[in-house]
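Subject: A structure for you to look at

Hi there,

Here is the structure I promised to pass on. Have a look at it first, and then read on for what turned up.

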Amino acid sequence: MKSILEGREGLKAVVYQIAEVTGYLWQKGWAERNGGNITVNVTEYMDDECRAMKPISEVKQIGMVLPQLKDKYFYCKGTGKRMRDLAKEPMQNGSIIRILDDCASYEVIADENVIPTSELPTHLALQNYLLETGSCYKATLHTHPIELVAMSHIQRFLKGDEMTRVLWSMIPETLAFAPLGIGIVPYALPSSVALAEATLEQIKTHDVVMWEKHGTYFVRQPISICVPAAWVQNLMV
């Protein structure tokens, strides 16, 4: 069976840009083993043939109703897949999913039955918010910048805007990539709806969200901007 990328140069370019980014994350040490996730809205590249594709997975529940996502399509990293492998074979380590009419479930349509990460609810909640607010951002990225995660083990940096203040005071580039600062989400079960809701609240008023003792979340367009944004934040520590 041919790949969904064949004959669709726009979609192919986006997927291979995602692959390039995941390679950078692996090289930086921010995506150990199967750590980190990436989700990109690719609806604009779906033609009539794509929309008519039969599912290759069972219907999966998201765990929440996201009304802006009806009939939207996303490229998602697969559960248990490694960023270093995705960098080489993006359609074997990730897949294209379609959100169904109930806005609460999805199915995989291409290329292989690679089920997205358990942290998909957070990614899709943020994608729903981006569409709801008319944002141009298409990509949501979760990664594990080592020094920032280490900072989140220190209670001082989890209070108010203390982490933001420290980073802003150390190098001016931080202001360029995160003028709204870093929002803090207290430790929670990674795959939970509660974590998705808490992340959503923080991204409304911040450029970056830090999950305590876990990692960071970014929303950007294009996806390649997430890497320098994460790098500048992590460089400060």
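A note on names before anything else: helices (H or I, at least four residues) and strands (E, at least two) are DSSP runs, numbered from the N terminus. This is a predicted model, in which local features need pLDDT of at least 70 and side-chain atom pairs count only at pLDDT 80 or more, while totals for chains, interfaces and linings use all residues. Residues are numbered from 1 along each chain as its sequence is written, and side-chain values use heavy atoms, with hydrogens and water left out.

Let's start with the backbone. Most residues other than glycine have a negative phi, and most peptide bonds are trans. C103, in the loop between β4 (94-99) and β5, has a positive phi near 60°. C103 counts as buried because its relative accessibility is 8%; buried means under 20% relative accessible area, exposed over 50%, and partly exposed in between (1.4 Å probe, protein chains only). K213 also has a positive phi, near 60°, and sits in the loop between β8 (208-211) and β9 (215-220). With 36% relative accessibility, K213 counts as partly exposed. The peptide bond from A110 to D111 is cis, with omega near -20°, and D111 belongs to the loop that links β5 (105-110) and α4 (120-132).

Next, the interior. A nonpolar core here is a set of buried Ala, Val, Leu, Ile, Met, Phe, Trp, Tyr and Cys residues joined through side-chain atoms within 4.5 Å. The largest one has 26 residues, of which I4, V42, Y75 and I96 touch the most other members. At least two residues each come from α1 (9-28), β1 (37-41), β3 (73-77), α3 (83-86), β5 and β6 (139-143), and α1 gives the largest share, seven residues. A second, separate core has 14 residues, including L66, L69, C76 and A196.

Where do α4 and α8 come in? Helix α8 (residues 193-203) packs with α4 at an angle of about 35°, their axes 8 Å apart. Here axes are lines fitted to C-alpha atoms, for helices over the stretch in contact, and angles run from 0 to 180 degrees between N-to-C directions. On the α4 side the contact (heavy atoms within 4.5 Å) is made by P121, T122, A125, L126 and Y129, and on the α8 side by L195, A196, T199, L200 and I203. The buried residues of α8 are L195, A196, T199, L200 and I203. They line one face of the helix, because seen down the axis of α8 they fall within an arc of 135°, the arc being that of the directions from the helix axis to the C-beta atoms.

Two more residues deserve a click. S95, in strand β4, is buried, with a relative accessible area of 0%. Leaving out residues up to four places away in sequence, S95 touches F74, Y75, C76, V108, A110, E112 and V114. H144 lies in the loop between β6 and α5 (146-151) and is buried as well, with a relative accessible area of 11%. H144 and G215 are 71 residues apart in sequence, and their C-alpha atoms are 4.3 Å apart in space. Beyond its neighbours within four places in sequence, H144 is in contact with residues that include W30, E32, V149 and H214.

Enjoy exploring!

Best wishes
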